[in-house]
Amino acid sequence: MLKIGDIEMKNQVVLAPMAGVCNPAFRLIAKEFGAGLVCAEMVSDKAILHKNEKSLQMLYVDEREKPLSLQIFGGEKDTLVEAARFVDQNTNADIIDINMGCPVPKITKCDAGARWLLDPKKIYEMVAAVVDAVKKPVTVKMRIGWDEDHIYAIENARAVERAGGSAVAVHGRTRVQMYEGVADWNIIGDVKKAVNIPVIGNGDVATPQDAKRMLDEYGVDGVMIGRAALGNPWMLYRTIQYLENGTLPSEPTPREKIEVCLIHLDRLVALKGERVAVREMRKHTAWYIKGLRGKAKIREKVNQFETRDDVVKALYEYVDFLEGRELAESSAI
């Protein structure tokens, strides 16, 4: 099993910390579908220290989500350490994660996120300072490098280990690649060979078979699933089942997808209020109905709604239509 510091997960499957997605509403669904560890979306160190209300709300952890990792980002040692200390003392998170993989310009121009990838010395100094300041295990999520000419994945991971980091998650793309191209699992495997702390592989884990191959062939201690779980927490469950007993549970039915989508909606409403939740669910609904017949029309309809009841009514009518059509087609055969 995957173990980070003294925190032991029940399996090797980790939900990635996706910005704008991994709030308690989605994380709890991921946990209910079996994820061994869920990671919260990144929070700015300075926003924490300035007591920004929205940012402090992002530090909320439902006990049912645990074990959970809260991720912070920043470019200055003093503020990063203070924010980590705040998370350590004022939240019930199990792990503090430092983001050094975010490729977005507004983050990297502040010397945060993926900008760290160019300087193993800074990584050592920053991580060591955070480790010294907190009691919770400290981990790092990074990319393999800034661009193909600056791939310091091994040096950076070793810096994390020397600094006292308890684990490192490695996304197999460079900052320049953003989310395009192919993740380089070979470099992830090289990192695993170079350090003794747990290494969690990330990038292009799109199927349960991908997860097993990453574990078996590249020796990682855990697999981190991101985009493949959007609107599809069954990916987490199916992966866990495949890894544990070799079985591959069937894909969800349209009704199962809609029912979980609506659970997600109601949890978001409870978390953020109806107006914000309904708007935020537009992107999630598109992910839940991906691959279903007639998805474009229902997506367009949902995107116009402002109330929870309108969304519920439309989605149930949609799935009734799908099932009716399927029944008619099967009868005609």
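Reply: Happy to. On the H6 side of its contact with H7 you will find Pro120, Ile123, Tyr124 and Val127, and these meet Glu155, Asn156, Ala159, Val160 and Arg162 in H7. By class, this contact of H6 with H7 holds six nonpolar residues, one polar and two charged. Please keep in mind throughout that the model is predicted.

Now for the geometry behind that contact. Two packed helices are described by the angle between their axes and the distance between the axes. H6 covers residues 120-133 and H7 covers residues 153-162; they pack at an angle of about 20°, and their axes are 8 Å apart. Angles under 35 degrees count as roughly parallel, so H6 and H7 are roughly parallel to each other. Their crossing is right-handed.

Helix H8 (residues 185-194) packs with helix H9 (residues 208-218) at an angle of about 45°, with the axes 10 Å apart. H8 and H9 are therefore oblique to each other, and the crossing of this pair is right-handed. H8 brings Trp185, Asn186, Ile188, Gly189 and Lys192 to the contact, while H9 brings Asp210, Arg213, Met214 and Tyr218. Sorted by class, the residues joining H8 with H9 are four nonpolar, two polar and three charged.

On to the empty space. Rolling a probe the size of a water molecule over the atoms shows where empty space is left. Searching the whole structure turns up one cavity of 30 Å³ or more. The largest cavity has a volume of about 90 Å³. Its lining is made of 16 residues, with Asp97, Thr139, Ala169, Ile200 and Met224 lying nearest the centre. Which strands supply that lining with at least two residues each? They are S4 (37-39), S7 (95-100), S8 (138-145) and S9 (167-174). The lining of the largest cavity counts twelve nonpolar, two polar and two charged residues.

The open spaces come next. The largest pocket holds about 1,400 Å³ of space.

Around it sit Arg227, Ala228, Leu230, Gly231, Asn232, Glu251, Pro252, Lys257, Trp287, Tyr288 and Lys290. In the lining of this second largest pocket, five residues are nonpolar, two polar and four charged.

Finally, the backbone. Most residues other than glycine have a negative phi, and most peptide bonds are trans. Two spots deserve a look with that in mind. Lysine 51 is not a glycine, yet has a positive phi of about 60°. You can find lysine 51 in the loop between helix H2 (45-49) and H3. The other spot is the peptide bond from lysine 66 to proline 67, which is cis, with omega near 0°. Proline 67 has its place in the loop between helix H3 (53-57) and strand S6 (68-73).

Note on methods. Residues are numbered from 1 along each chain as its sequence is written. This is a predicted model: local features need pLDDT of at least 70, side-chain atom pairs count only at pLDDT 80 or more; totals for chains, interfaces and linings use all residues. Side-chain values use heavy atoms; hydrogens and water are left out. Axes are lines fitted to C-alpha atoms, for helices over the stretch in contact, and angles run from 0 to 180 degrees between N-to-C directions. Helices (H or I, at least four residues) and strands (E, at least two) are DSSP runs, numbered from the N terminus. Angles under 35 degrees count as roughly parallel, over 145 as roughly antiparallel, 65 to 115 as roughly perpendicular and the rest as oblique. A crossing is left-handed if the near helix is turned anticlockwise from the far one by less than a right angle, and right-handed if clockwise. Contact means heavy atoms within 4.5 Å. Ala, Val, Leu, Ile, Met, Phe, Trp, Tyr, Cys and Pro count as nonpolar, Asp, Glu, Lys and Arg as charged, and the others, Gly among them, as polar. On a 1 Å grid over the protein atoms alone, a cavity is a set of points where a 1.4 Å probe fits but cannot get out, and a pocket is an open set with protein on both sides within 12 Å along at least five of seven lines; lining residues have an atom within 4 Å of a point. Grid points are joined across faces, edges and corners, and a volume is the space filled by probe spheres set on the points.
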